[in-house]
Amino acid sequence: MPVHRLNHAVLYVRDVERSVAFYREALGFEVVMGMRGAAFLQAPGSTNDHDLGLFELGENAAPSPAGRTSVGLYHLAWEVDTLDELERIAAKLAELGALVGSSDHSTTKALYARDPDGLEFEVSWLVPASLLTDETLAGRATIRPLDLSADKERYGARTRGGVGVSIPA
């Protein structure tokens, strides 16, 4: 049987409490289990045991050199259901000073942010399979600036993304 989805990610952080507070406020994650120096969080609406594990290294931990001086993980990506939700999260990430960019990958509308330890993550909305066109598929070759207003007009603010792509139709 092939692998069919990512169940959870685990990050090393300097301060678990600070990271928990960030992921709760930024993305609505809730703690489902915790212990000294560790926490396990679940995304809203998730049925996973947990979606994110955090393990504390302490304030003296060095920043991750991944992508600058060593190989390593670039980012994690979480998917939202609607463009309205993507827009709400963009505003929250901007308010927190965590939003570092956004992109239109044609079939994927993406926000990029950094957590308190500088670890990058993505929040995205995927065009549902029923709305994919040859033009949209060809557009993946070019990255453009994200225009949520235009995307909401084209696809609908509350259209459920990823249907037939990342989730069954």
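Visitor: What should I know before we start?
Guide: The model is predicted, so local features need pLDDT of at least 70, side-chain atom pairs count only at pLDDT 80 or more, and totals for chains, interfaces and linings use all residues. Residues are numbered from 1 along each chain as its sequence is written, and side-chain values use heavy atoms, with hydrogens and water left out.

Visitor: Why are α1 and α2 called oblique to each other?
Guide: Helix α1 (residues 16-27) and helix α2 (residues 83-95) pack at about 140°. Under 35 degrees is roughly parallel, over 145 roughly antiparallel, 65 to 115 roughly perpendicular, and the rest oblique. The angle of about 140° therefore leaves α1 and α2 oblique.

Visitor: What makes α1 and α2 a contact?
Guide: Contact means heavy atoms within 4.5 Å. Phe 22, Glu 25, Ala 26 and Leu 27 in α1 meet Ile 89, Lys 92, Leu 93 and Glu 95 in α2.

Visitor: How do you know that Glu 25 forms a salt bridge with Lys 92?
Guide: The rule asks for a side-chain nitrogen of Lys or Arg within 4 Å of a carboxyl oxygen of Asp or Glu. For Glu 25 and Lys 92 the closest N and O atoms are 3.4 Å apart. The pair passes, so it is a salt bridge.

Visitor: Which parts does the pair of Arg 14 and Asp 117 tie together?
Guide: Arg 14 and Asp 117 meet in a salt bridge at 2.8 Å, N to O. Arg 14 lies in the loop between β1 (9-13) and α1, and Asp 117 in the loop between β7 (108-114) and β8 (120-126), so the pair ties together parts 103 residues apart in sequence.

Visitor: How many salt bridges cross the interface of domain 1 and domain 2?
Guide: The rule finds three there. The domain assignment gives domain 1 (1-58) and domain 2 (74-163). The structure holds 14 salt bridges.

Note on methods: Axes fitted to C-alpha atoms, helices over the stretch in contact; angles between N-to-C directions. Helix = DSSP H or I, 4+ residues; strand = E, 2+ residues; numbered from the N terminus. Domains from an automatic or database assignment.
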